[in-house]
Amino acid sequence: MPYRLLCLALLPFALAACQGTNPYVASSRPLPPAPPQAATTFDASAYPAPPRDYGRYRSWAWRNDQLPAGSVNADPAQLAAAISGALDQHGLRPARGSNADLLVSADMRLERRLRQVRDYDYDPYYGPYPYGRVGYGGYRNGYGAYGSVPIVRTYQVEVMVVRIDLFDARSGQPVWSASAESGSDKDSPRERENALRDSVHKALSGYPPS
């Protein structure tokens, strides 16, 4: 009881303290004036890059006027012809003079890959009473089973890798890059040419990006 009386006695002092003057006063200063060049300076990093308009690319030319490098399986002329045909299918035509919209760079090289093949070596075995036909009267009662052991074979193959890079002719910025590969173990020149053409089409299959 004395404790409650003490709390009631101190209550007016607590209320008076809350109604006192707050020693913390908010104050602010005006912002400094902007520099004169702020009105004419554009900060491009503060805005996202605009989406690239691939529809404006209509023509192309070789970058630095250099044909793509070939390899032992295909000469530069074959690679250049395959790229020219693939670009034509994407609506890109060779530029006349120096008015190209895109600059094309390409190269071809041989690389080695590791391949794995999983086989199963089946080894049939039977119990003491295997299933078997007995005359014409039916089958003998018994059981049988098959066992298999997985075998993983690793071997090395040689592949032909084609890489194609596209650059904006005005700004020089890269706009597209892709590569594709195919087997280089083709016997006839016609098969190697078809494999080269397939690699080029695979590399350009995603252009223009959606």
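**Ground rules.** Before any helix angle, I noted how one is taken: axes are lines fitted to C-alpha atoms, for helices over the stretch in contact, and angles run from 0 to 180 degrees between N-to-C directions. The model is predicted, so I kept in mind that local features need pLDDT of at least 70, that side-chain atom pairs count only at pLDDT 80 or more, and that totals for chains, interfaces and linings use all residues. Residues are numbered from 1 along each chain as its sequence is written, and side-chain values use heavy atoms, with hydrogens and water left out.

**Overview.** I found three helices and seven strands in the protein. These are DSSP runs numbered from the N terminus: helices are H or I with at least four residues, strands are E with at least two. Read from the N terminus, their order is α-β-α-β-β-β-β-β-β-α. I also looked up burial: 20% of the 210 residues count as buried. Buried means under 20% relative accessible area, exposed over 50%, and partly exposed in between, with a 1.4 Å probe and protein chains only.

**Two helices.** I turned to α2 (residues 76–89) and α3 (residues 189–203), which pack at an angle of about 40 degrees with their axes 9 Å apart. The two are therefore oblique to each other; angles under 35 degrees count as roughly parallel, over 145 as roughly antiparallel, 65 to 115 as roughly perpendicular and the rest as oblique. Which residues meet there? From α2 I listed Gln78, Leu79, Ala82, Ile83, Ala86 and Gln89, and from α3 Leu196, Arg197, Val200 and His201. Contact here means heavy atoms within 4.5 Å. By class, the contact has six nonpolar, three polar and one charged residues. For those classes, Ala, Val, Leu, Ile, Met, Phe, Trp, Tyr, Cys and Pro are nonpolar, Asp, Glu, Lys and Arg are charged, and the others, Gly among them, are polar.

**One serine.** Ser199 is in helix α3. Is Ser199 buried or exposed? Its relative accessibility is 0%, so Ser199 counts as buried. Leaving out residues up to four places away in sequence, I saw that Ser199 touches Met160, Val162, Ala180, Glu181 and Ser182.

**Aromatic rings.** My search of the whole structure gave four aromatic pairs. Rings of Phe, Tyr and Trp (its six-membered ring) pair if their centres lie within 6.5 Å; planes under 30 degrees apart are stacked, over 60 edge-to-face and the rest tilted. Tyr54 and Tyr207 have ring centres 5.7 Å apart and planes at 85 degrees, so I noted the pair as edge-to-face. Tyr54 sits in the loop between α1 (2–18) and β1 (59–62) and Tyr207 in the segment after α3, so this pair ties together parts 153 residues apart in sequence. Tyr54 and Tyr207 are both buried. Trp60 and Trp62, with centres 5.1 Å apart and planes at 85 degrees, are edge-to-face too, and both are buried. Ring pairs also link Tyr54, Tyr57, Trp176 and Tyr207 into a cluster.

**Backbone notes.** Tyr207 came up again: a cis peptide bond joins Tyr207 to Pro208, with omega about -10 degrees. In the loop between β1 and α2 I stopped at Asn64, a residue other than glycine with a positive phi near 60 degrees. Asn64 counts as exposed at 60% relative accessibility. Asp65 is found in the loop between β1 and α2, and its phi is positive as well, near 55 degrees. Asp65 is exposed, with a relative accessible area of 75%.
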